[in-house]
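Please look at the structure shown here while you read, and keep the sequence at hand so that each position can be found as it is named.

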Amino acid sequence: MATKIRLQRGGRKNYAFYSVVIADSRAPRDGRFTEKIGTYNPNTNPATVDLNFERALYWVECGAQPTDTVRTILKNEGVYLMKHLKGGVKKGAFDEAAAQKKFDAWKQDKQNGLDAVRAALAKAKKDEQSKKFEAEKAMNEAIAKKVAEKKAAAVEVAAEETPAED
């Protein structure tokens with residue numbers, strides 16, 4: 001039986017939410033599956049992935065073929081890097097501790113990159129809000145100035161219409 005690692009669609013219309021599942025290659029997309037190993041939410045920025053790393057690594061090592069999207073998810077989570085490092089350990093290129101150290105360094109670098117992206121997005125959002133606030137403030141000042149001018153004109157007209165008392 002050929003197994004696949006694929007996405008199973010969930011969520012509502014125009015708001016897709018996926019489960020990462022192990023399924024028979026002949027099963028339909030949303031049909032029967034062997035095991036659920038995680039979730040993928042493309043609606044957030046950046047996309048949110050919750051993956052059982054050990055089970056994903058197990059299935060990749062067993063020969064389960066991922067779809068293109070799932071392969072990208074697994075690469076971004078480091079499953080393929082760990083598989084590669086375990087292969088190096090089996091060949092004797094380095095020991096288990098060195099492999100784990102390399103993986104941890106990669107994971108930390110990846111996390112720093114994601115944090116930088118999140119910080120940049122938060123800064124852009126804050127800048128946009130401050131620009132909107134300044135534009136609204138300028139518009140309110142312009143409106144207040146027009147209202148003051150109208151009131152001054154109304155006071156002048158009222159003063160002209162009122163006869164001077166002797």
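Predicted model: local features only at pLDDT ≥ 70, side-chain atom pairs only at ≥ 80, totals over all residues.

**The largest pocket**

Rolling a probe the size of a water molecule over the atoms shows where empty space is left. In this model the largest pocket has a volume of about 350 Å³, and its lining is made up of 13 residues, with A47, V49, N76, E77 and L114 lying nearest the centre. Three elements, namely β4 (48–51), α2 (68–77) and α4 (96–161), each contribute at least two residues to this lining, and the largest share, five residues, is supplied by α4.

**Helix α4 and the surface**

Helix α4 also holds D104 and I143, whose accessibility is set out in the table.

| Residue | Helix | Relative accessible area |
|---|---|---|
| D104 | α4 | 42% |
| I143 | α4 | 45% |

Why is I143 described as partly exposed? The term covers relative accessible areas between 20% and 50%, and I143 is partly exposed because its value is 45%. Together with M139 and V147, I143 makes a nonpolar surface patch of about 280 Å².

D104 is likewise partly exposed, with a relative accessible area of 42%. Although D104 and G78 are separated by 26 residues in sequence, their C-alpha atoms are 10.0 Å apart in space.

Key. Residues numbered from 1 in each chain as written. Heavy atoms only, no water. 1 Å grid on protein atoms, 1.4 Å probe; cavity = no way out; pocket = protein on both sides within 12 Å on 5 of 7 lines; lining within 4 Å. Points joined across faces, edges and corners; volume = space filled by probe spheres on them. Helix = DSSP H or I, 4+ residues; strand = E, 2+ residues; numbered from the N terminus. Patch = residues over 30% accessible without salt bridge, like charges linked within 9 Å, V, L, I, M, F, W, Y side chains within 5 Å. Areas by Shrake-Rupley, 256 points an atom, 1.4 Å probe, with all protein chains shown as cover. Salt bridge = Lys/Arg side-chain N within 4 Å of Asp/Glu carboxyl O. Buried < 20%, exposed > 50% of the residue type's maximum accessible area, 1.4 Å probe, protein only.
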